[in-house]
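Please look at the sequence and the structure side by side. The paragraphs that follow lead from charged pairs to a pair of strands and then to a pocket.

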Amino acid sequence: MSAKENVDVMLEIFAAIERRDAQRVSELCEVDVELSWPPPLPYAGVSRGLGAQRPSWTETWVPLQPTASEQTMDPRVVAATDHEVVILWQQRGASPTGDRCDSPVLGLYQVHRGKLARAQMFYFDPVAVSRFIATAQPHAA
């Protein structure tokens, strides 16, 4: 696939995540998609397949994104080739007490045959994001 087609796939995945359209995300990912998240996030590590890792990104962030403002990721394509796309996006959240998170993330995405095959995320400040999650989750209060 061309770099433009790969960008289109990735931007559609971001749009589906923002819409909370799990079915569309699943359609655009390989069954064994590899997801790599940095420590010390609660969903850190490498997993294969959507929802394979517990806790997952979705389980962690959906409760902390009650409005479209927090769900918006503002993806910006930094670079793309026939095999990879690099996207800068925002990880946002709000705690029940009003604390907020708005942190940049750089993602390196490998696309094969029109589907996401591998994603590796690089948080600019994973320690601060991890602290936010630990204090913001409703069950942590």
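Does glutamate 34 count as buried or exposed? At 14% relative accessibility, glutamate 34 counts as buried, where buried means under 20% relative accessible area, exposed over 50% and partly exposed in between, with a 1.4 Å probe and protein chains only. The model is predicted, so that local features need pLDDT of at least 70 and side-chain atom pairs count only at pLDDT 80 or more, while totals for chains, interfaces and linings use all residues. Residues are numbered from 1 along each chain as its sequence is written, and side-chain values use heavy atoms, with hydrogens and water left out.

Side chains of opposite charge can pair when their charged atoms come close. A salt bridge is a side-chain nitrogen of Lys or Arg within 4 Å of a carboxyl oxygen of Asp or Glu, and by this rule the count comes to 11. One of them joins glutamate 34 to arginine 48, with the closest N and O atoms 2.8 Å apart. This pair links distant parts of the chain, for arginine 48 lies in strand 2 and glutamate 34 in strand 1, 14 residues apart. Helices (H or I, at least four residues) and strands (E, at least two) are DSSP runs, numbered from the N terminus.

Another salt bridge connects arginine 100 with glutamate 70, the closest N and O atoms being 2.4 Å apart. Here arginine 100 belongs to strand 5 and glutamate 70 to helix 4, 30 residues apart. Arginine 100 is exposed, at 52% relative accessible area, whereas glutamate 70 is buried, at 5%. Salt bridges that share partners also join Glu12, Arg19, Asp21, Arg24 and Glu27 into one network. Within it, the side chains of glutamate 12 and arginine 19 meet at 3.3 Å, N to O.

The next feature is a pair of strands. Strand 3 (residues 76–80) and strand 4 (residues 84–94) run antiparallel and are joined by four bridges; two strands pair if DSSP finds at least two bridges between them. Arginine 76 has leucine 88 in strand 4 as its bridge partner. Three residues lie between the two strands, which form a hairpin.

Finally, consider the largest pocket, which is lined by 30 residues. A pocket is an open set of points on a 1 Å grid where a 1.4 Å probe fits, with protein on both sides within 12 Å along at least five of seven lines, and lining residues have an atom within 4 Å of a point. Ile17, Val25, Leu50, Trp57 and Thr58 lie nearest its centre. Helix 1 gives the largest share of the lining, five residues.
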